[in-house]
Amino acid sequence: MRFIDYQTVVDAVAELCKQANFFLGKDVLTAFREALKKEKSEIGQDILKQLIRNAEVARTEFLPMCQDTGTAVFIVEVGSECHVSGGTLTNAINEGVRKGYKDHYLRHSMVRDPLGRKNTGDNTPAIIHYEFVEGDRLRIQLSAKGGGAENMSALKMLPPSAGIEGIKTFVIDVVKAAGPNACPPLVVGVGIGGNFEKCAYLAKKSLFRPIGDRHPDQNIRLLEEELIEEINRLGIGPQGLGGIDYRFGCQN
Amino acid sequence: MKKILVPFQNDEYKDLRSGDWVLLTGTIYTARDAAHKRMFETIQAGGSLPFNLHGQVIYYVGPTPPRPGQIIGSAGPTTSSRMDAYTPKLLEMGLKGMIGKGYRNEEVKKAIVQYGAVYFAAIGGSGALISKAIKQAELVAYEDLGTEAIRKLFVENFPVIVINDAHGGDLYEEGVARFRQ
């Protein structure tokens, strides 16, 4: 059995909050640069250049990349031979969020209840998904996704007769409806199967894959490629102002 | 790129067309949905607003808190549709410009033409870069709203693009139609 100290988890989570908000992932930066080569819209090119410069300013001047520093969503893999000592793992993660958002001057966006809308003041509670695995490791992944994109998410119950075409039509309709609101260029997470809540979780989980990663199943991989092509044909472009290279990855 | 001084003194907004890149310099005010709701309720109750709307530009932003020594934190646009319910009233009262991102509803688009105004988009996801264009920030009202309080900003060469102009132009429709295959 491997023991991990409560405070170690707190500090690691606080560090993740910093990393997610100040340092753009290499896969995203590469995708921006690739998109800039392909984009035909001049406005689109200008926007991609601004997004690349934004990442540079964020990194060097220690300003968050976006003012919406996100809802802290975690996917945590807990090994069966791993134990957090000194408190619960959930408490440690929430304390890490509290610390990370405070220490790094990140915005607190969480409210106590959706109707009263009183801010909790520390961006907790985090939304935590646990997966229990073999081994003695603890793996914590964070997505600090903003509301603009999250609010354009959708779920639909399709009958089996809808088939792959039904799935494609729905995904494309959702991206089309989101238009500029979700701050394109986008990464579109798609979950297929399970039940109501499982499907939503699969869609969110797919966003944790690096851009360009493709599904191991060849049929699904083909579906990903087709969706990328069709979505890019919508003409939405960077920031929804027209263009081609709208979406970098479709992940199932 | 066109350079524009704000607040608008006269009818300069009429020269702006959807698709124009504009660099804004001057004073603008921040307000998001919570502040809009309060202003709207104040108007309904016959009270006076924290600032005179005439010719002004409102920026839809809830910035991150500044570090010690910083003027303001990251300050990119929020989704404008949050403000749609309150916007026509503010336009009626003399508001001339709005900066945000994303679609406006039909009532807002109609009011933009009817009263004469411009809806600009700033680049969503570039809050660090925009922060550099903000040279002064001062709390004006509704401090209890935290990041959503009304602030007066002095901006220099703040890059925005005209989405809806006073003549009915709509870049979200025109731009996408041009590149749809």
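1. Between chain A and chain B, 17 residue pairs are in polar contact, counting pairs with both residues at pLDDT 80 or more. A polar contact is a pair of N or O atoms within 3.5 Å; within protein, one must be able to donate a hydrogen and the other to accept it, and residues adjacent in sequence count only if both atoms are side-chain atoms. On the side of chain A that touches chain B, the elements giving two or more residues are α3 (42-61) and α6 (163-178) of chain A. The largest contribution there is that of α3(A), with 10 residues. Helices (H or I, at least four residues) and strands (E, at least two) are DSSP runs, numbered from the N terminus.

2. This is a predicted model, in which local features need pLDDT of at least 70 and side-chain atom pairs count only at pLDDT 80 or more, while totals for chains, interfaces and linings use all residues. Residues are numbered from 1 along each chain as its sequence is written, chains are lettered from A and ligands numbered from 1 in the order in which they are written, and side-chain values use heavy atoms, with hydrogens and water left out.

3. The contact (heavy atoms within 4.5 Å) involves 44 residues of chain A and 46 residues of chain B. The size of an interface is often given as the accessible area lost when the parts come together. Here the two chains bury about 3400 Å² between them, with 59% of it on carbon and sulfur atoms; buried area is the accessible area (1.4 Å probe) that two parts lose on being put together, summed over both.

4. How many salt bridges does the rule find across the interface of chain A and chain B? There is one, and it joins Lys132(B) to Glu61(A), with the closest N and O atoms 2.4 Å apart. A salt bridge is a side-chain nitrogen of Lys or Arg within 4 Å of a carboxyl oxygen of Asp or Glu.

5. Over all chains, the structure holds 30 salt bridges. One of them joins Lys204(A) and Glu150(A) at 3.2 Å, N to O. This pair links distant parts of the chain, since Lys204(A) is in helix α7 (residues 196-206) and Glu150(A) in helix α5 (residues 147-150) of chain A, 54 residues apart. Lys204(A) counts as buried because its relative accessibility is 14%, whereas Glu150(A), at 33%, counts as partly exposed. Buried means under 20% relative accessible area, exposed over 50%, and partly exposed in between (1.4 Å probe, protein chains only).

6. In chain B, Asp33(B) and Arg82(B) form a salt bridge of 3.4 Å, N to O. Asp33(B) lies in helix α1 (residues 33-44) and Arg82(B) in the loop between β3 (57-59) and α2 (87-92) of chain B, so the pair ties together parts 49 residues apart in sequence. Asp33(B) is buried, with a relative accessible area of 16%, and Arg82(B) is partly exposed at 30%.

7. Strand β1 (residues 2-5) of chain A pairs with β3(A) in the parallel sense over four bridges; two strands pair if DSSP finds at least two bridges between them. Ile4(A) has Val84(A) as its bridge partner in β3(A). Which residues form the covered face of strand β3 (residues 82-85) of chain A? They are Cys82(A) and Val84(A), while His83(A) and Ser85(A) form the uncovered face. In a regular strand the side chains alternate between the two faces of the sheet.
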